[in-house]
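Please open the structure in your viewer and keep the selection tool at hand. The stops below say what to select next and what is there.

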Amino acid sequence: MPQWPGLFGHFVFTFTGSRMSLSCFPWVRHHLTYPGRQHLSFLHILAVALLCLIATMPLHAETISGTVLDPSGAVVSGARIEITGEGLEQAIVLLSDAQGKFNSPELKAGSYSLRVELEGFEALTKTVELKGAVQLQLTLAIAEAQVTINVVGKNLAFVNSDPLYRQLRGIGLGQTYRFTNYTLTADVGTFRFEKGTLTEINPVDGVESGAIFIGEGHFSLKPVLRVDAREIERRTGSAEINEDFTEVIFRFTRDAWSKFQPVLGEKVGTPAEASAAYSHWRDRMRERREHPLGFTQFLLQGETMDNVDADLMAALYNPSHPSFFNAYLRGRKHKDLRFFVRTRVGALPQLDSPEEVGLVNCDPEGMDDGVWYLAHLQSEYANGTANSGEDRRLFATSHYKIETVISKNGHLFSTATITFKPLVAGERVLKFGLLPNLRVMRVSDERGQALHWIQESRKEDGSFYVILPQAPGAGTEQSITVEYAGNKVVEQAGDGSFYVSARESWYPNLNGFGEHALYDLTYKVPRRYKVISVGKLQAESAEDDFAVTHWVTPTAVAVAGFNYGEYKKIELPDDKTGYKISGYYLQELPDSLRRYSVLRSMAPGSMTKYALEQTRAQLQLCTVYFGKSPYEYISITEQPNFNFGQSWPNLVYLPISAYMDSTQRWMLFGGINNKFTGFVQEVTPHEVAHQWWGHAVGWASYHDQWLSEGFAEFSAGLFLQQVMGKDWRKDYIEFWERLRLRILEKNNFGVAPNDAGPIWMGMRLVSPRTQNAYQNVTYPKGAFILAMLRSMMYSSQDQDKAFVAMMHEFVESHRERMATTESFKAVAEKHMTKLMDLQKNGRLDWFFSEWVYGTQIPKYHFEYQLSPGEGGKVKLHMVVTQSDVDEHFAMLVPVFADFGSGMAPIVQVGMAGNSTRNIDVILPRQPKKVALNAYREILER
């Protein structure tokens, strides 16, 4: 099963032909389900909008109307009313409005059945004999399973009921104009409208927010940077995008309409194609895919999908809101192209990037699916301000206080208080990452006053937004409290073990890994189980049949999380560093592994001790090489997942396979599985190293994630070299060989991961032809980049001194700011040796151009001869050939000699282009062997 590493772990997709379905987690993996009402077709939504318009008019025919109430008599908004019965070809679906009211369209006399549903309430069914207009009062009962939720129906009047949002949700089409012979430019994108019509989407509060073009036109995109041109060429065969289109739907903020107005032609009738296109577009924008078929569905229709209506609402509430211009094209060749220009928040915020311009080809069942273009504004490249470190946040979070109850059936009930301040003046709308299965029941301000929020059905665009009654003043800190409940966070894996999912979205997470905040966390769980959390344990107590623990993070962290189950605890002291190390293991196998009799002999207690010893050694090693970790304690926890590890601040999740000994692995696989042996060997030191790479030092965007995953992978190799004793060489060389093969081995399409693009492309390396390119470039090539820098910095006199100084400065200079590729390069240039200055300018442009922004990998051939020299010394004559690169490619390659104590570096050979060099070196005595790149730390073919 191919694995897709997410943040410090993997998420697993299962492929059938060109289809892809999500089957596991972390980071992405949590794209689970969300409870809520059923998806509404465009016609049903339109019916609701029309009914709202006629609500105040007298009804002259047989209709069913009424009010939905909760048991206290408070009105209930957002209830789903389904009417079936006499003469209806299909059910009529209505929603109760902010006053709890609903009105049906005209109906024939007869017998009808009404079914009223809303999450948290029992479904209500009522039969109506319609002989004239009927008005009902429908009172819902709170569902038994929800009785303990501290919520009353009146709070639900604030969900999806903001008046401006309701207008946007039901907005229709306005005037249509002839629209011909016009060119519209949006950054690198150009729209040429040959002939057709332009239909405006009705204004809201006097502001135009969209239009629909039907006709003939052409779209082109010319990238600014060569690296982007190469990516487009890999995707399409050409360095530029050219696509004829027949329809485009535009959604934009207030100033964009002025670009269309001057060339509007005469008014004409609205073509049926415009209405059909709008209906189809709205259905697509409002459909969440629980099991994405491809990468773009995961991004645009997954857990964090945008609610376009909520985004437009944010712009309408704040005239100075960062502008955006979205275009959804139906091309003649590519049927779903999406072009975005979005300032501040980024064209694709799901990729945690501030890049403002993007083009996505949504073709989940085809071979061209993917993010084709994602870059900064042309103006930023022109004035030199384009930077992965640009702040894309609208609000900055400083503190979370979360109180969570996990019930015996695994349901989660939480209250989260989030403290934040605005970074952009006038903003009133906050978007949170929250698993849509977790349904918000109430949002309130610091005074306890209820606030409006948006959270559509889990099957729709169910992302969670909060609407502030007024924009906070600049720099003004305030708090909101969110009460929510649901499932799919903890799921039973066996007797006493649980899969803990939604590790970033089990609470309302405002900016993801884009910032650090303080956390105050309280958990109340059945007494049988333990919670091991991010933070430092402050107190433990018992309430009836529940255990209560309180945890606080002493320093700000990027994410909060926990593990959960019937754990036993072991502690291991570390007198050298003072780190407090604890291990937690499960006594029972998860249900998925019970059928394997060989695993019944597992000894998790003793294997936990071994994992803690590895942890202690890696903590000591990383402290020497990288500096002190920001956390004084670390918990190593077993999880029932078989081959997925993950690291949160001071909390490591190890797969259950890490607790199997070599005999059990041999019997389980029916022999030695070298790849899996390597995974088990590396997983603990890799995840422990993430306490530095990813947490002490975060990354700014997807371009820079190699600084986390690649550096943690390098640290696992460093562990094999420095910790494993005198027999380290075999394991160390095999480690780098495994990584080399991961980068260069071709798949069934004849494409190697390295061929997918440079490491700088990050998640964008993923395509139907390069499904595993992200993890097989970001992890291993990132490790090689750091290893090659270390190799070039090494000297026989100072050994790793320059490298260690570089890594210490990198960590210290980024404890309070996110790292970018360029900021790491700047630190590396401060510590580079004279030999590394190949361009004689004090810069490492040559190295980063080749290995970070490029895809060339050289091939080397090495021959040598030894002959007697003067004074008993030995003359070494070497012939080194570099090939398979262009004329500009340069590299320093180490030569090693074994004088009886193993291979030691003796000289670095500078190579440029496809060339051969003859080098003579005088050695102090006869070596047993001489080799180029003896430990395989230089990436070569």
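Angles between axes under 35 degrees count as roughly parallel, over 145 as roughly antiparallel, 65 to 115 as roughly perpendicular and the rest as oblique. This is a predicted model, in which local features need pLDDT of at least 70 and side-chain atom pairs count only at pLDDT 80 or more, while totals for chains, interfaces and linings use all residues. Residues are numbered from 1 along each chain as its sequence is written, and side-chain values use heavy atoms, with hydrogens and water left out.

Begin by selecting helix α8 (residues 604–626) together with helix α14 (residues 801–812), whose axes come within 7 Å and cross at roughly 95°; the two helices are therefore roughly perpendicular to each other. Helices (H or I, at least four residues) and strands (E, at least two) are DSSP runs, numbered from the N terminus, and axes are lines fitted to C-alpha atoms, for helices over the stretch in contact, with angles running from 0 to 180 degrees between N-to-C directions. Show the side chains of T623, V624, Y625 and F626 on α8 and of F803, V804, M807, H808 and V811 on α14, which make the contact (heavy atoms within 4.5 Å).

Next, select β43, β42 and β45, three strands that form an open antiparallel sheet in that order; two strands pair if DSSP finds at least two bridges between them. The edge strands, each pairing on one side only, are β43 (903–912) and β45 (929–932). Strand β42 (residues 890–898) pairs with β45 over four bridges in the antiparallel sense, and D898 stands opposite K929 in β45.

Now move to R764, in the loop between α12 (728–744) and α13 (773–793). At 0% relative accessibility R764 counts as buried (under 20% relative accessible area, with exposed over 50% and partly exposed in between, for a 1.4 Å probe and protein chains only). Its side chain is joined to that of Y702 by a polar contact of 3.0 Å, a polar contact being a pair of N or O atoms within 3.5 Å, where within protein one must be able to donate a hydrogen and the other to accept it, and residues adjacent in sequence count only if both atoms are side-chain atoms.

Finish at E129 in strand β9 (residues 124–130), which is exposed with a relative accessible area of 51%. Its side chain and that of S111 are joined by a polar contact of 3.2 Å.
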